[in-house]
Amino acid sequence: MKNILVTGGTGYIGSHTVVELLNLNYNVIIIDNLSNSKIVVLDRIEKITGKRPKFYKGDIRSKDDLRKIFNENKIDCVINFAGLKAVGESVKKPLEYYENNIYGSIVLLEEMKKNNVYNFIFSSSATVYGDPIDVPVDENSKIGGTTNPYGTTKLFIERILNDLVIAEPKFNICILRYFNPIGAHPSGLIGEDPNGIPNNLAPYITQVMVGKREKLNIFGNDYDTKDGTCIRDYIHVCDLAYGHVCAINKLEKSQGIFIYNLGTGKGSSVFDVLHAFEKAYGKPIAYAIAPRRAGDVKANYTDVTKAYNELGFKAKYDILDMARDAWNWQKNNPNGYED
Ligand code: NAD
Ligand code: WQD
């Protein structure tokens, strides 16, 4: 499998995965509607890799856009990053989220089938585990009980994919459930560039570091955890990117539907992450304790055994690496890709 169609390839995880693929001599074609990313990402990818991926500005909900790509390119495998991902926004705009994420994935799968392309890798999320009873979770842990429409789109798409392989056994699918991707490419040329006030922890911290926000609000220090703050499994985005190469290799050898959690296996609290960023910064970072955030779960991190045994996947980086690289990106690009 050499020719990879990456939907959402100018986004945060997509761009890092494209770099990884280009460095390994895959031929990459991107489709992105640029609803949450910037075209300049392509220049940055070229700067890092010396190669420019073929780019189509288009929408996965558009059969015409997809037909053009499948007509003009031989595609062996599709990685579907395209989707809306803001949890809070999804509560306010559920129809937009269901339409974009679920309908978009359905149109993409239909067009793949028409063009005899059956290898599919899907960006799912740890959010499908809802509020886990036991941690670490593994791939057999109960899914469901999602706390917002965004998470439910991931749950429903997973279900659709399971139904699809029963009806159409030619489909060969890898579902990757990402834990909390943070960090950036060590070059500092690509990274996470949220619009407006960041919803997520790491970009909020780096915006405090760069002087764009006054202080970090820690959402609750009264959870039943080692320091009262929530526990997550933060994974370096470059490790996550490599996980997609492992998934391609898996689909090359196997036929069916496969599910893997991608994390480090290590749970870190909000304070652990803050302290890692303080190390990268060399000074303290202002914070205040704020009320709990609705929908947050106390702890979620993964057992990494299945991904290691079946994909050979093992994260290389720890939260200090993640903090260093996220800070390097933010420092070099205080306004993200706007500069
Ligand atoms: P992102 O918003 O940076 O990237 C998504 C890209 O998809 C953007 O470039 C956006 O412009 C594009 N896009 C959205 N809808 C589209 C459509 N209909 N047609 C074409 N392009 C479209 O997000 P990300 O953090 O890189 O996440 C990538 C995928 O991974 C998403 O599906 C997300 O739900 C999933 N995921 C992300 C996280 C996370 O914490 N970042 C965790 C788990 C899963
Ligand atoms: C991490 C921790 C917050 C911001 C979300 C989605 C999930 C997945 C990854 C896509 C929590 C705390 C945060 C802040 C804080 N995305 N926090 N102050 O909530 O684990 O997961 O992103 O699939 O679906 O829900 O990540 O980075 O928002 O929060 O104290 O300003 O940091 O309470 O404990 P989360 P996060």
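Tutor: Two strands are said to pair if DSSP finds at least two bridges between them. Strands themselves are DSSP runs of E with at least two residues, helices are runs of H or I with at least four, and both are numbered from the N terminus. The model is predicted: local features need pLDDT of at least 70, side-chain atom pairs count only at pLDDT 80 or more, and totals for chains, interfaces and linings use all residues. Residues are numbered from 1 along each chain as its sequence is written, chains are lettered from A and ligands numbered from 1 in the order in which they are written, and side-chain values use heavy atoms, with hydrogens and water left out.

Student: What makes strand S1 (residues 3–7) and S2 a pair?

Tutor: The requirement is at least two bridges, and 5 bridges join S1 to S2, which run parallel. Within this pairing, Ile4 has Val28 of S2 as its bridge partner. S2 also pairs with strand S3 (residues 54–57), in the parallel sense over 4 bridges; there, Ile31 has Tyr56 of S3 as its bridge partner.

Student: Why is the unit of S1, helix H1 (residues 12–23) and S2 called right-handed?

Tutor: A crossover is right-handed if, with the strands pointing away from the viewer, the path from the first strand over the helix to the second runs clockwise. S1, H1 and S2 make a β-α-β unit of this hand. S2, helix H2 (residues 41–49) and S3 make a right-handed β-α-β unit as well.

Student: Why is strand S2 (residues 27–32) described as largely enclosed by the rest of the structure?

Tutor: Buried means under 20% relative accessible area, exposed means over 50%, and partly exposed lies in between, with a 1.4 Å probe and protein chains only. In S2, 5 of the 6 residues are buried, so the strand is largely enclosed.

Student: Why does Gln207 count as buried?

Tutor: Gln207 has 5% relative accessibility and therefore counts as buried, the limit being under 20%. Gln207 lies in helix H7 (residues 201–209). Contact means heavy atoms within 4.5 Å, and beyond four places in sequence Gln207 touches Pro194, Gly196, Pro198, Lys212, Arg213 and Gln330.

Student: What makes a set of residues a nonpolar core?

Tutor: Its members are buried Ala, Val, Leu, Ile, Met, Phe, Trp, Tyr and Cys residues joined through side-chain atoms within 4.5 Å. The largest such core has 40 residues, and Ile4 and Leu262 are among those with the most contacts inside it. Helix H8 (residues 237–253) gives the largest share of this core, 7 residues. Apart from it lies another core of 28 residues, including Ile31 and Phe171.

Student: Which residues are closest to ligand 2?

Tutor: A residue is near a molecule or strand if one of its heavy atoms lies within 4 Å of it. Ligand 2 is surrounded by 19 residues, of which Ser125, Tyr150, Asn217, Arg232 and Asp296 are the closest.
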